[in-house]
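Look at the structure first, then read on.

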Amino acid sequence: MSTSSRPTPLPSLATLPPEAVLNGPRLDNELSRLESLRELAILDSEPETTYDDLTRLAAQICETPIALITLLDEGRQWFKARHGVCLTETPRDWAFCTYALSRPDDLMVVPDAAVDPRFADNPFVTGAPNIRFYAGAPIQAPDGHPLGALCVIDTQPRDLTPAQSSALLVLARQVNALLALRRTVRDLQTSHQLAENLAEKASAASRSKSEFLANMSHEIRTPLNAIIGMSGLMLDSNPSSAHREFAETIRRSGESLLSLLNDILDFSKIESGRLELEESPFDLRECVESALDLVAGPAAEKQLDLLYWIDPQLPSRVVGDVTRVRQILVNLLSNAVKFTPSGEVFLDVGGSSPDDANLPPGRLRLTFAVHDTGIGIPPDRMDRLFQVFSQVDASTTKHFGGTGLGLSICRRLVGLMDGHIGVESSPGRGSTFSFEIKVGMAPVRTALLRESTRSVLRGKRVMVVDDNGTNRRVLCRQAEIWGMIPVSFASGPDALSALDRGERFDLALLDLLMPGMTGTELTSAIRRRLSPDALPVVLLTSLSQFQFPASLGIAASVTKPVKPHLLLDLLEEVVGGGSSRRRKTKEVGEHGEYLAADLPLSILLVEDNPVNQRVGQLMLARFGYRCDLAGNGREALDCLTRRHYDLVLMDVHMPVMDGIQATREICSRWPASRRPRIVAMTASASPIDRDECLKVGMDAFLSKPVRTAELRAVLSQTRVRAEASVV
């Protein structure tokens, strides 16, 4: 039976005749149950996407026209989420849900309400919407009191399949997790308010709150990881297109909740003073580019120009906490992309001179500025930005999502790095979020330009065509550093006019998506004037572009955001004529994309930091792999008891159970021939750390930041193993 998206009309509550009210069963502990419901402050709250998604998913899975999340108070049944009906509440005594709550651990199924003496005279059975079938899975408060039900309704007598019944119970547990999360967030808000009012008691209250929050977050993560893992297993089992959509919806919803919990967990660590920053050398350019990679997809979907510039005078390597620097950048870049409907997002990275007299010896000041052309922020609301659980506007959460924690976490992380963060903004004209931190100096400095660059590119005239002024400036500045002579144009017709005037160029860098005349149209016009040998063309493309027609004679294409070192290699190839090497490089990249097709592996990534989780997911996706996630060693063991994995990428330093303890447990539970290959993936890169990992039973060792080639080697050396029996 197919579902219907047309809401079923129901009578208005104001018009319901009082003589029609029925009597339902009374529940035990009614006063304490109602108190639990009031504490959640959920009655008459605004609609929320996460709850609405669950009702739609329930209706799709159970193939019913109606699905509801219902809550019972003293005299009414109120719908937190509804699919297929217009009414928001009914009298409590008309509610099937009342009977479902009397069986808090079971699924209540009414195959045909018309012949059931409890409901045969119910106005919703005898009249619109003419209910015949009802199935309700009870939902509970965090303290266990029954509050309502996730139910599906049909106008025809029927029953559920075992798979549908099981899915409905799983979705009800996810509603329970949402309610628990709501309770946790409210507790955190209450505790924070007390901390502001009672200065002396704030520290103790904050520590107690954070410990509770961390424990609660980990408890909620366990069922969420199970939901994400099992939905991933469903996706790997070649489901039908409809079931694939259901599983992907479950997985996305679970990952959304997991991201929310990660924010709260990070905040709790900072609040309790348990967050310690690492001090280790890292590649500054790689840190910036990996942060940009994380937001490149959403930016491309909105057709935003994602740009960046790193001062070439900065050292290539610095000493600090690369994970937390990247976390701040990802948060600011994600917000910029989220709140920018069109235009650009530009990241500018600069810093102080290594011999700055205002800094201690061996220290360097780094500055980061994220500019966007988005909606901007009113001046009277700027003070809300970095407050906990605060949004610029109450409607922001509804339209864009978020907890209001991200910028607060950024401010505290920047403070721990002896820096500060600020914002400048104009409504309708965009915003600039900037922060400054202090880092250590690493021994390795930026390498001098290669001699080949000076000989091959120096003096070459390059045509730069892009409608975005910022991108033109960035490309021209970079070309000048390489010794080239850039000439920029804001449109294709301007560039063609220059060619028609007789100006000569050795190379053309063209943006693909330009108004009026696209990059391919401009290339076609150039080809009517000049051959590919006379003027090689390099196109700047977004993530989802396809192969270009061979007739255009395009020398190469570069994915945005353009990475200078990759562009430099490419320009040397194009200008120097190294076509064979370029083809070889392309073939290697294509083979990497299809590694998963040649070597299908089931992979578990064990990592507590959400930014590192996302980086690991994207790196694996380059080779065609999707991985499951675990936030600590204990969660990893739970995953391994539910599902077989060929490869486990194991972080070492994690809460609850670290990677060393988890590896010992895995080795004790599974024989060598039946357990997955375990590879350490950690920032602790000393020989002692490597030896300790190998000694406890790990098979290999990767040090962070992980290089793509190193990860590819680990994947290539892993073999698909036989299914391991669950212990």
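This is a predicted model: local features need pLDDT of at least 70, side-chain atom pairs count only at pLDDT 80 or more; totals for chains, interfaces and linings use all residues.

One topic is an open sheet of five strands with parallel pairing. The others are the packing of helix α8 with helix α9 and of helix α20 with helix α21.

**The sheet**

- The strand order is β15-β14-β16-β17-β18.
- The edges are β15 (485-489) and β18 (554-559). Each edge strand pairs on one side only.
- From one strand to the next, the twist averages 20°.
- Strands of a sheet pair through backbone hydrogen bonds, and the pairing can be parallel or antiparallel.
- Take β14 (residues 461-465) and β16 (residues 507-511) as an example: they pair in the parallel sense over four bridges.
- Find Met463, then look across to β16: its bridge partner there is Ala508.

**A helix on the sheet**

- Helix α16 (residues 564-576) packs on this sheet.

**Helices α8 and α9**

- Helix α8 spans residues 284-301, and helix α9 spans residues 322-338.
- Their axes come within 9 Å and cross at roughly 30°.
- That angle is under 35 degrees, so α8 and α9 are roughly parallel to each other.
- The crossing of α8 and α9 is right-handed.
- On the α8 side, the contact residues include Cys287, Val288, Leu292, Val295 and Pro298. On the α9 side, they include Val322, Arg326, Leu329, Leu333 and Val337.
- What kinds of residues make up the contact of α8 with α9? There are 14 nonpolar, two polar and one charged.

**Helices α20 and α21**

- Helix α20 covers residues 633-642, and helix α21 covers residues 659-669.
- The two pack at an angle of about 25°, and their axes are 9 Å apart.
- This angle is also under 35 degrees, so α20 and α21 are roughly parallel to each other.
- The crossing of α20 and α21 is right-handed.
- α20 brings Gly633, Leu637, Leu640 and Thr641 to the contact. These meet Ala662, Glu665, Ile666 and Arg669 in α21.
- How do the residues of the contact of α20 with α21 divide? Four are nonpolar, two are polar and two are charged.

Conventions
Residues are numbered from 1 along each chain as its sequence is written. Side-chain values use heavy atoms; hydrogens and water are left out. Axes are lines fitted to C-alpha atoms, for helices over the stretch in contact, and angles run from 0 to 180 degrees between N-to-C directions. Angles under 35 degrees count as roughly parallel, over 145 as roughly antiparallel, 65 to 115 as roughly perpendicular and the rest as oblique. A crossing is left-handed if the near helix is turned anticlockwise from the far one by less than a right angle, and right-handed if clockwise. Contact means heavy atoms within 4.5 Å. Ala, Val, Leu, Ile, Met, Phe, Trp, Tyr, Cys and Pro count as nonpolar, Asp, Glu, Lys and Arg as charged, and the others, Gly among them, as polar. Two strands pair if DSSP finds at least two bridges between them.
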